[in-house]
Amino acid sequence: MVRGRISRLSVRDVRFPTSLGGHGSDAMHTDPDYSAAYVVIETDAEDGIKGCGITFTLGKGTEVVVCAVNALAHHVLNKDLKDIVGDFRGFYRQLTSDGQLRWIGPEKGVVHLATAAVLNAVWDLWAKQEGKVTPLTNDPRTLVSCIDFRYITDVLTEEDALEILQKGQVGKKEREKQMLAQGYPAYTTSCAWLGYSDDTLKQVATALPRGWLRAELPVKSLFLQMMDANQRWDVPEAVEWMSKLAKFKPLWIEEPTSPDDILGHATISKALVPLGIGIATGEQCHNRVIFKQLLQAKALQFLQIDSCRLGSVNENLSVLLMAKKFEIPVCPHAGGVGLCELVQHLIIFDYISVSASLENRMCEYVDHLHEHFKYPVMIQRASYMPPKDPGYSTEMKEESVKKHQYPDGEVWKKLLAAQEN
């Protein structure tokens with residue numbers, strides 16, 4: 001049963017010095033320190049249950065997201081959780097339509113990352129209180145009531161969404177059993193970060209466990225299945241380079257140009273699809289409107305949601321449903337800090353209740369930083385196994401948070417002192 005009034009919201013700047021090893025580096029982001037704005041929500045229910053939420057960042061700038069979370073806090077504090085989830089669409093719109101904060105969005109950038117962190121904590125709290133191993137086990141009508149359909153009704157109406165989810169009930173039990181037995185297919189990107197030396201690349205690639213047959217490499221390597229340009233190219237460059245690389249038969253080129261350039265993606269798609277190359281994008285798509293336009297323009301063949309870029313489960317639901325309507329496979333972006341933990345819920349739900357298909361579908365996985373989470377993701381035979389513990393898998397270990405809090409945690413005190421010397 002949902003209970004309690006939200007009495008406290010705290011947020012901390014948690015950073016891991018991954019740049020020291022080149023982990024996560026790519027053509028655009030050369031020295032990332034995987035980080036998170038980590039939100040914890042508490043209630044007066046005196047049950048000891050806390051809601052934990054994160055949004056993913058790359059180091060510098062996390063402090064700005066923390067400020068944005070604090071600026072949103074008054075929309076959350078002193079509200080009954082029952083009232084929030086009872087009108088989740090209204091609560092979502094309240095957060096994203098603050099009359100002053102909206103000006104530095106709207107529904108994009110720092111303020112939307114902060115919104116994701118807060119909402120992720122609310123979903124975690126809701127699921128934990130009800131003892132659910134995922135926040136997505138609610139009935140179709142309840143899930144639809146959580147979605148803000150503003151700006152997307154020309155593509156997806158509330159009636160459309162309900163129809164898709166109701167159709168998804170057919171065969172649902174069988175698909176649940178399949179996920180419990182086999183898991184959801186994963187692919188890994190950790191074998192080829194651009195900051196790695198050639199020797200490190202060889203060591204990592206040869207050390208991949210058996211079963212990892214799906215791997216994404218940056219465009220500097222020529223033994224590929226998927227390629228990732230990380231937004232480096234202009235539209236003509238993307239077409240030129242990928243036309244030359246077509247002989248290697250890549251499944252897709254990811255982020256070939258600016259994530260905001262819908263028509264640019266459409267131009268690239270029109271040129272490359274006849275060559276057998278798909279376009280994949282989404283990890284830096286601001287919101288459901290960008291995804292709507294990418295789908296309308298036939299600008300992508302693989303849609304990559306991000307659990308912390310969009311407005312939490314609420315907005316990701318709308319994108320999953322639009323992808324289903326256009327019959328575009330969803331292959332989520334993951335890795336970072338906690339992205340795998342969160343997105344496993346979304347993509348397993350997509351298979352069980354929305355797409356009902358594994359064709360051309362897989363979810364990114366990176367084997368870094370899971371040890372800092374209380375309920376880390378489980379991978380078996382290169383597949384995501386369904387979570388077993390109540391919540392949204394967002395809770396971090398308190399010891400890890402304290403050690404990596406910036407700039408006063410033990411790890412950063414030592415690193416910053418060494419830099420000064």
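Q: In this predicted model, how many bridges pair strand β2 with β3?
A: Strand β2 covers residues 35-43, and it runs antiparallel to β3. One of the pairs puts S35 across from its bridge partner T57 in β3. The pairing of β2 with β3 goes over eight bridges.

Q: Which residue in the turn of the β2-β3 hairpin has a positive phi?
A: β2 and β3 form a hairpin, with six residues sitting between the two strands. In that turn, a phi of about 60° belongs to E46.

Q: How many bridges join β1 to β2?
A: These two strands run antiparallel. Among their pairs, I6 has T43 in β2 as its bridge partner. The count of bridges joining β1 to β2 is nine.

Q: Is strand β3 largely enclosed or left open by the rest of the structure?
A: A residue is called buried when its relative accessible area is under 20%. In β3 (residues 50-57), seven of the eight residues are buried, so the rest of the structure leaves this strand largely enclosed.

Q: How many of the ten residues of strand β1 are buried?
A: β1 takes in residues 6-15. This strand is largely enclosed by the rest of the structure because the buried residues number eight of the ten.

Q: Are helices α6 and α12 roughly parallel or roughly perpendicular to each other?
A: The axes of α6 (residues 158-167) and α12 (residues 312-326) come within 10 Å and cross at roughly 80°. Angles of 65 to 115 degrees count as roughly perpendicular. The pair is therefore roughly perpendicular.

Q: How many charged residues are in the contact of α6 with α12?
A: On the α6 side the contact is made by D160, A161, I164 and L165, and on the α12 side by L321, K324 and K325. Sorted by type, there are four nonpolar residues and no polar ones, and the charged residues number three.

Q: Which residue does a cis peptide bond join to G105?
A: Most peptide bonds are trans. This one is cis, with omega at about -15°.

Q: Does N78 count as buried or exposed?
A: N78 has a positive phi of about 65° although it isn't a glycine. You'll find N78 in the loop between α1 (62-72) and α2 (81-86). The cut-off for exposed is over 50% relative accessible area. N78 has 54% relative accessibility, so this residue counts as exposed.

Q: What is the radius of gyration of the chain?
A: A compact globule with 421 residues would come out near 22 Å. The chain's own value agrees with that, because its radius of gyration is 21 Å.

Note on methods: Residues are numbered from 1 along each chain as its sequence is written. This is a predicted model: local features need pLDDT of at least 70, side-chain atom pairs count only at pLDDT 80 or more; totals for chains, interfaces and linings use all residues. Side-chain values use heavy atoms; hydrogens and water are left out. Axes are lines fitted to C-alpha atoms, for helices over the stretch in contact, and angles run from 0 to 180 degrees between N-to-C directions. Helices (H or I, at least four residues) and strands (E, at least two) are DSSP runs, numbered from the N terminus. Angles under 35 degrees count as roughly parallel, over 145 as roughly antiparallel, 65 to 115 as roughly perpendicular and the rest as oblique. Contact means heavy atoms within 4.5 Å. Ala, Val, Leu, Ile, Met, Phe, Trp, Tyr, Cys and Pro count as nonpolar, Asp, Glu, Lys and Arg as charged, and the others, Gly among them, as polar. The radius of gyration is taken over C-alpha atoms; the globule rule is 2.2 Å times the number of residues to the power 0.38. Buried means under 20% relative accessible area, exposed over 50%, partly exposed in between (1.4 Å probe, protein chains only). Two strands pair if DSSP finds at least two bridges between them.
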